[in-house]
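Work through the exercises below with the sequence and the model at hand. Each task is followed by a solution in steps.

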Amino acid sequence: MKIWVVRSTYEYDHYVSTHLTDKGAYMKAIEQMSDYCCGGLDEDEMEEMAKGMPTHPEADLKTHSREALRGYTSDWMEHMNSLGVEVDFEIYTTMVEV
């Protein structure tokens with residue numbers, strides 16, 4: 001069975017999550033980057049910091065295609081690097097043997 005793995009590094013901590021779909025993996029990556037960048041901000045501050053990029057996995061990420069989510073993930077990485085936030089995300093596919 002194919003699964004997708006999200007591996008992230010933020011402030012010298014490493015996180016890993018597994019997902020049954022690539023769309024779920026990209027949603028998780030965007031959710032984490034949004035939290036790293038905008039966690040603790042109110043809605044108006046978050047909108048200003050995120051520059052119109054999607055942030056809420058349950059509200060607006062599900063409505064986007066996997067291709068759009070892949071692009072948003074790249075946009076978020078670029079945005080976070082421009083803010084000087086050192087974060088690394090890798091999304092890859094692997095197999096689970098049953």
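**Exercise 1. The sheet**

What is the order of the strands in the open sheet, and is the pairing parallel or antiparallel?

Solution. The model is predicted: local features need pLDDT of at least 70, side-chain atom pairs count only at pLDDT 80 or more, and totals for chains, interfaces and linings use all residues. Residues are numbered from 1 along each chain as its sequence is written, and side-chain values use heavy atoms, with hydrogens and water left out.

Step 1: take helices (H or I, at least four residues) and strands (E, at least two) as DSSP runs, numbered from the N terminus. This gives 3 helices and 3 strands, in the sequence pattern β-β-α-α-α-β.

Step 2: two strands pair if DSSP finds at least two bridges between them. The open sheet then has the order S2-S1-S3, with antiparallel pairing.

Step 3: S2 (13–19) and S3 (87–95) are the edge strands, each pairing on one side only. Neighbouring strands are turned by 20° against each other on average, direction ignored.

**Exercise 2. The hairpin**

Describe how S1 and S2 are joined and paired.

Solution. Step 1: S1 (residues 2–10) pairs with S2 over 7 bridges, in the antiparallel sense.

Step 2: locate partners. Tyr 10 has Asp 13 in S2 as its bridge partner, and Val 6 stands opposite Ser 17.

Step 3: the hairpin leaves 2 residues between the strands, and Glu 11 in the turn has a positive phi of about 50°.

**Exercise 3. Two helices**

Classify the arrangement of H1 and H3.

Solution. Step 1: axes are lines fitted to C-alpha atoms, for helices over the stretch in contact, and angles run from 0 to 180 degrees between N-to-C directions. The axes of H1 (residues 22–38) and H3 (residues 66–82) come within 9 Å and cross at roughly 25°.

Step 2: angles under 35 degrees count as roughly parallel, so H1 and H3 are roughly parallel to each other. Their crossing is left-handed, meaning that the near helix is turned anticlockwise from the far one by less than a right angle.

Step 3: list contacts (heavy atoms within 4.5 Å). H1 residues including Tyr 26, Ile 30 and Met 33 meet H3 residues including Leu 69, Trp 76 and Met 80.

**Exercise 4. The whole chain**

What share of the residues counts as buried?

Solution. Step 1: buried means under 20% relative accessible area (1.4 Å probe, protein chains only). Of the 98 residues, 40% qualify.

Step 2: among contacts with a separation of 6 or more, 61% join residues 24 or more positions apart.

How values were computed
Parallel < 35°, antiparallel > 145°, perpendicular 65-115°, else oblique. Buried < 20%, exposed > 50% of the residue type's maximum accessible area, 1.4 Å probe, protein only.
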